[in-house]
Amino acid sequence: MKNIYIVLVILTYCSVNAQIEEVKVKYAVETFFYAFNGKNEFALKRVVDADIKMQTINLNVLGKMIVRDTNLNDVINFMITTPDSISFHEKILDYKIQIDGGMAHVWAPYEFWYNGEFSHCGVNSFQLFKDEDVWKIIYLVDSRRKEDCNPVSG
């Protein structure tokens, strides 16, 4: 009976610890979007690694699926050069989080709204690394499409 109690305590501890790490991972991604939507360059930089790799997958003008490299400076430039009179909002629809030790993956479908109008939808795929006790985004690839989207008011 004593062994069963010990096993239950260990399983409970592991389950609670895993849930805490999921919350921390989700917090890093939510902070990224809070900063992006709020045009806060400094908050954005706090949750990304200095060497973050970023890519976008979408159809080119010829209708061919392509992968395009982007970078954090492009994102920041978009944020700070978009006039305050023009709104944009990336709305995350769901989070699927997987963690293995110091590595995490987040699959996050989204809608993008620009100046109050639906622009496109897709999925963000984040890779994160646990640096000490802080989760940092080290890789972000997103897909972008206008078809098969069911936008909900932005």
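The points below go through the strand pairing, the disulfide, the core and the pocket.

1. A word on the source before anything else: this is a predicted model, so please read each point below as a description of a prediction.

2. Let's begin with strand 5 (103-114) and strand 6 (117-131). They run antiparallel and are joined by 12 bridges. If you want a pair to look at in the viewer, take F112, whose bridge partner in strand 6 is H120. Two residues lie between the strands in this hairpin, and N115 has a positive phi near 55°.

3. Strand 6 also pairs with strand 7 (134-143). This pairing is antiparallel too, with eight bridges. Here K130 sits opposite W135 of strand 7. The two strands make a hairpin with two residues between them, and E132 in its turn takes a positive phi of about 65°.

4. How many disulfides does the model contain? The count is one. The bond runs between C121 and C149, with an S to S distance of 1.9 Å. C121 belongs to strand 6, while C149 lies in the segment after strand 7; the two are 28 residues apart and the pair links distant parts of the chain. The torsion about the S-S bond is about -75°, so this disulfide is left-handed. Both C121 and C149 are buried.

5. Next, the largest nonpolar core, which has 30 residues. F32, L44, V106, F126, L128 and I137 are the members that touch the most others. Several elements give two or more residues to this core, among them helix 2 (41-47), strand 3 (88-92), strand 5, strand 6 and strand 7. Which element supplies the largest share? That is helix 1, with seven residues.

6. Finally, the largest pocket, which holds about 420 Å³ of space. Its lining has 20 residues, and F36, V75, E90, D142 and R144 are the closest to the pocket centre. Elements that give two or more residues to the lining include helix 1 (2-37), strand 1 (48-59), strand 2 (65-70) and helix 3 (72-81). Strand 5, strand 6 and strand 7 are also on that list. By residue class, the lining divides into 10 nonpolar, five polar and five charged.

Conventions. Residues numbered from 1 in each chain as written. Predicted model: local features only at pLDDT ≥ 70, side-chain atom pairs only at ≥ 80, totals over all residues. Heavy atoms only, no water. 1 Å grid on protein atoms, 1.4 Å probe; cavity = no way out; pocket = protein on both sides within 12 Å on 5 of 7 lines; lining within 4 Å. Points joined across faces, edges and corners; volume = space filled by probe spheres on them. Helix = DSSP H or I, 4+ residues; strand = E, 2+ residues; numbered from the N terminus. Nonpolar A, V, L, I, M, F, W, Y, C, P; charged D, E, K, R; others polar. Disulfide = S-S within 2.5 Å. Buried < 20%, exposed > 50% of the residue type's maximum accessible area, 1.4 Å probe, protein only. Pairing = 2+ DSSP bridges. Core = buried A, V, L, I, M, F, W, Y, C linked by side-chain atoms within 4.5 Å.
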